[in-house]
Amino acid sequence: MTAPTTPTPAPVPTQTDDTAGLTPSGQPPGRALHGPVIAWFDEHARDLPWRRPEAGPWGVMVSEFMLQQTPVGRVLPVYEQWLARWPRPADLAKEPPGESVRAWGRLGYPRRALRLHGAAVAITERHGGDVPTAHAQLLALPGIGEYTAAAVASFAYGQRHPVLDTNVRRVLARAVTGVQFPPNATTAAERRLARELLPEDEGTASRWAAASMELGALICTAKNETCHRCPIAAHCAWQLAGKPEHDGPPRRGQTYAGTDRQVRGRLLAVLREAVNPVPQSVLDRVWEEPVQRARALDGLVSDGLVEPLPGGLYRLPLT
């Protein structure tokens, strides 16, 4: 999908440059944003279980997999059940991958469950069951991409990495670039801006990553943003420009009803509840349209989420 055209942000000055690239408040962008956002976070951050010390790196990793494209409210009960059952990567690794799909429940995008299981196996085999601390080692785990590696390194180990989720990208687009929404896909310019805005101190950088993410989740939201409560409204380029409307290509909307995703979800729901392999005739009842149903089932098999057996039987994967 073609990303909307946005102005390329000007290079952000280092903290030793006190003259070039100043915000309207007379401060370099990073310096003007870090303190207020972190102070706001210290006062208003939600008490979430993966932010507590007892969560540990594994709890942080599990939360990052579950929170991708899924609201916190839906994640919380599944997260608690998951950690109670599998408190360490090795506990999950010794289970069949289908059990991770079963425990994933209705969180959606169930391939994340298989990827998390694969990461747990790799952590157990390569790192003695401990989530690795090095960003490169995290990135080398199966199912972990640029965002998740940076998030785990930052939130679990307090390291200095740009953490660019949708919320952070929206905050930076508005506060620094002056546009309402970031591009549909993360760009090189966004990554460069995020790196340039990172505080030099590791602990402060880690706190900034969490704080800017929370700001986007609670204040600088996609709809109905509450700018009057924002700690950096006086420095926000979008606010100072009069909050111009988005003028790029239409933003992607998420649909579910009637899609292959809905059919896949219904098929998986039957298999999650089943103790024994399920015959084709039972799966046929979940969706009337045969072509779409067959396509959805084939996709689940291709993705490794469903294992076909002789005699027209299906089950969650054991290997």
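Student: How many disulfides does the structure hold?

Tutor: The structure holds zero disulfides. C230 is likewise in no disulfide; its nearest cysteine sulfur, that of C220, lies 6.3 Å away.

Student: How do you know whether T148 is buried or exposed?

Tutor: The relative accessibility of T148 is 5%. Buried means under 20%, so T148 counts as buried. T148 is placed in helix α8.

Student: Which residues are in contact with T148, leaving aside its neighbours within four places in sequence?

Tutor: They are E64, F65 and Q68.

Student: Which residues have the most contacts inside the largest nonpolar core?

Tutor: That core has 50 residues, and W58, M61, M66, W82 and L116 have the most contacts inside it. Among the helices that each supply at least two residues of this core are α2 (56-67), α3 (72-85), α6 (111-126) and α8 (146-157).

Student: What does M66 touch, not counting residues up to four places away in sequence?

Tutor: M66 touches V75, V78, Y79, W82, W104, L107 and R112. A second, separate core has 29 residues, including V163, L172, I219 and C230.

Student: What makes β1 and β2 edge strands?

Tutor: Three strands form an open sheet in the order β1-β3-β2, with antiparallel pairing. β1 (278-279) and β2 (307-309) each pair on one side only, and they are the edge strands.

Student: How do you know that β1 and β3 pair?

Tutor: Pairing calls for at least two bridges between the strands. β1 and β3 (residues 313-315) have two bridges, in the antiparallel sense, and therefore count as paired. The bridge partner of V278 in β3 is Y314.

Student: Where is the pLDDT below 50?

Tutor: The protein averages a pLDDT of 90, and 90% of the residues score at least 70. Over residues 1-27, however, the pLDDT is below 50. This stretch has 50 contacts in the model beyond near neighbours in sequence. Where pLDDT is low, the predicted coordinates should not be read in detail.

Conventions
Residues are numbered from 1 along each chain as its sequence is written. This is a predicted model: local features need pLDDT of at least 70, side-chain atom pairs count only at pLDDT 80 or more; totals for chains, interfaces and linings use all residues. Side-chain values use heavy atoms; hydrogens and water are left out. A nonpolar core is a set of buried Ala, Val, Leu, Ile, Met, Phe, Trp, Tyr and Cys residues joined through side-chain atoms within 4.5 Å. Buried means under 20% relative accessible area, exposed over 50%, partly exposed in between (1.4 Å probe, protein chains only). Helices (H or I, at least four residues) and strands (E, at least two) are DSSP runs, numbered from the N terminus. Contact means heavy atoms within 4.5 Å. pLDDT is the predictor's confidence in each residue, from 0 to 100. A disulfide is a pair of cysteine sulfur atoms within 2.5 Å.
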